[in-house]
Amino acid sequence: MAGKAGKKTDFKEAGVLILQYNSPEGGDDMKEMNLALIGFGNVGREFARILVEREKEWAEKFSLKCKVVAISTLRRGTLLNEAGINLERALAGLETGEIFSPDDPDYSTIDPAGIAALEFVDTFIEITTLNIESGRPAADHIRAALSSGRNVITANKGPIAFCYRELKELAAEKEVHFLFEGTVMDCAPVFNLARETLPGCRITGFSGILNSTTNYLLGEIAAGRSFESALQTARDMGWTEADPSMDLEGWDAAVKTAALLNVLMDADISPHHIERKGIGGINRQSTDAAVKEGKVIKLLCEGHLKEGSIFGRVSPQAIPSTHPLAHVSGTSSALTLETDFAGRITVVIEEPKIRQTAYALVSDLLTIVKNSG
Ligand SMILES: NC(=O)c1ccc[n+]([C@@H]2O[C@H](COP(=O)([O-])OP(=O)(O)OC[C@H]3O[C@@H](n4cnc5c(N)ncnc54)[C@H](OP(=O)(O)O)[C@@H]3O)[C@@H](O)[C@H]2O)c1
């Protein structure tokens with residue numbers, strides 16, 4: 001990160017201590033962070049909007065100036081400009097097709113591996129499409145960036161579910177940051193919570209509702225709606241994966257379960273090791289039968305230590321209506337962590353939208369800035 005040592009000014013005013021203040025133009029101690037966005041879809045564009053919105057505030061509050069120097073896409077090509085890409089122009093030009101065109105001065109044919117090798121990139125943000133089968137090519141992009149000594153932030157759960165241990169070790173070897181808060185439950189603190197707030201505490205298991213599409217569908221079926229009609233609404237709202245069977249058969253939930261096991265319980269497994277059952281067999285009769293017993297059916301993601309080995313499962317289960325996860329409705333998600341010292345801790349995020357996922361990238365970015373000396 002390009003930073004200059006400089007003065008900090010403390011103000012004591014009306015009993016309030018303001019620790020640091022910089023002029024909006026930036027003082028001598030302004031830190032610069034050059035970002036490469038690999039992927040410029042829903043998440044990438046929302047993140048770019050936040051960067052534009054908060055530019056002045058971050059300069060004042062955090063002495064931080066972020067510059068996006070590369071934007072890579074699959075079909076539209078890439079933009080590259082060491083001096084910084086005009087994000088407002090990129091966002092507007094995306095709609096009209098003007099800026100992602102070989103006629104644009106920023107247009108480039110460099111690929112993500114080439115971007116990873118550029119010395120002027122500080123932090124590489126991997127937000128390409130999830131490959132639920134293998135985590136690639138996102139994992140290759142991240143490997144290339146870490147190998148070249150870049151910090152990496154991602155919201156793509158594939159690499160965390162398939163090769164987290166290898167990537168973590170590479171980041172440690174290269175002494176760079178590797179953060180991924182947006183991979184499970186958008187910006188709800190899950191990995192941050194374990195890393196920052198529970199030092200010395202062991203996570204011995206977890207259970208959660210981590211797939212919003214199936215949670216919504218189960219709620220609608222229980223309320224008497226047909227599966228087909230509810231699925232159509234979920235598709236229309238953009239809640240399903242491009243291939244909805246990835247939600248319905250529990251694959252998306254299995255990828256998240258593997259990611260949690262890898263990070264929180266050092267499992268080094270892949271989604272293919274997760275016992276998996278989707279919601280295919282659930283109908284109105286099943287939900288009515290559960291209600292008669294004072295229960296509700298949820299697609300649960302679970303990870304536990306069982307007989308000395310780590311075990312992960314995704315399956316529909318009838319849980320008591322008094323259970324904390326029973327109240328998680330619609331597209332909300334929740335995770336209960338079981339710990340040795342802190343007991344059970346449940347985190348809930350209510351009906352997250354794209355801004356919450358983009359904020360996870362912001363949170364990781366500001367964590368890197370804070371820890372970059
Ligand atoms: N959307 C959410 O609510 C959400 C929530 C949590 C996590 N995530 C994760 O965040 C990531 C991004 O999601 P999204 O909704 O932004 O996806 P998206 O709208 O489909 O955008 C994906 C972007 O990645 C680009 N891309 C795909 N393959 C690439 C490659 N090999 N090289 C360079 N660029 C490539 C695409 O290029 P084109 O523009 O040319 O197609 C597109 O710009 C995914 O991994 C997703 O699982 C998303």
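## Starting from Val-190

Setting aside neighbours within four places in sequence, Val-190 is in contact with Glu-181, Val-184, Met-185, Leu-260 and Leu-335, where contact means heavy atoms within 4.5 Å. Before going on, keep in mind that this is a predicted model, in which local features need pLDDT of at least 70 and side-chain atom pairs count only at pLDDT 80 or more, while totals for chains, interfaces and linings use all residues. Residues are numbered from 1 along each chain as its sequence is written, and side-chain values use heavy atoms, with hydrogens and water left out.

So where does Val-190 sit? You'll find Val-190 in the loop between β10 (178–179) and α6 (191–197). Those labels are DSSP runs numbered from the N terminus: helices are H or I with at least four residues, strands are E with at least two. With 1% relative accessibility, Val-190 counts as buried; that word means under 20% relative accessible area, with exposed being over 50% and partly exposed in between (1.4 Å probe, protein chains only).

In soluble globular proteins, nonpolar side chains tend to be buried together.

Now for the sheet. Six strands make up an open sheet with mixed pairing, in the order β12-β14-β13-β11-β15-β16; two strands pair if DSSP finds at least two bridges between them. At the edges stand β12 (275–276) and β16 (344–349), each with a single partner strand, so one side of each has no neighbour in the sheet. Helix α10 (residues 251–264) packs on this sheet, touching β11, β12, β13 (295–306), β14 (309–320) and β15. The direction of α10 makes about 130° with that of β14; axes here are lines fitted to C-alpha atoms, for helices over the stretch in contact, and angles run from 0 to 180 degrees between N-to-C directions.

Take a look at β11. Six of its seven residues are buried, so β11 is largely enclosed by the rest of the structure. Strand β11 (residues 203–209) pairs with β15 (residues 333–339) in the antiparallel sense over six bridges, and Ile-209 has Ala-334 in β15 as its bridge partner. With β13, β11 pairs antiparallel over four bridges.

Thr-339 has its place in β15 and is buried, with a relative accessible area of 9%. Its side chain reaches the backbone oxygen of Gly-343 at 2.8 Å, and a polar atom of that side chain lies 2.8 Å from the backbone nitrogen of Ala-342. These are polar contacts: pairs of N or O atoms within 3.5 Å where, within protein, one must be able to donate a hydrogen and the other to accept it, and residues adjacent in sequence count only if both atoms are side-chain atoms.

Finally, the ligand. Of the 24 residues around the ligand, Phe-40, Val-43, Leu-74, Arg-75 and Thr-128 come nearest; a residue counts as near if one of its heavy atoms lies within 4 Å. A backbone N or O atom of Val-43 lies 2.8 Å from an oxygen atom of the ligand.
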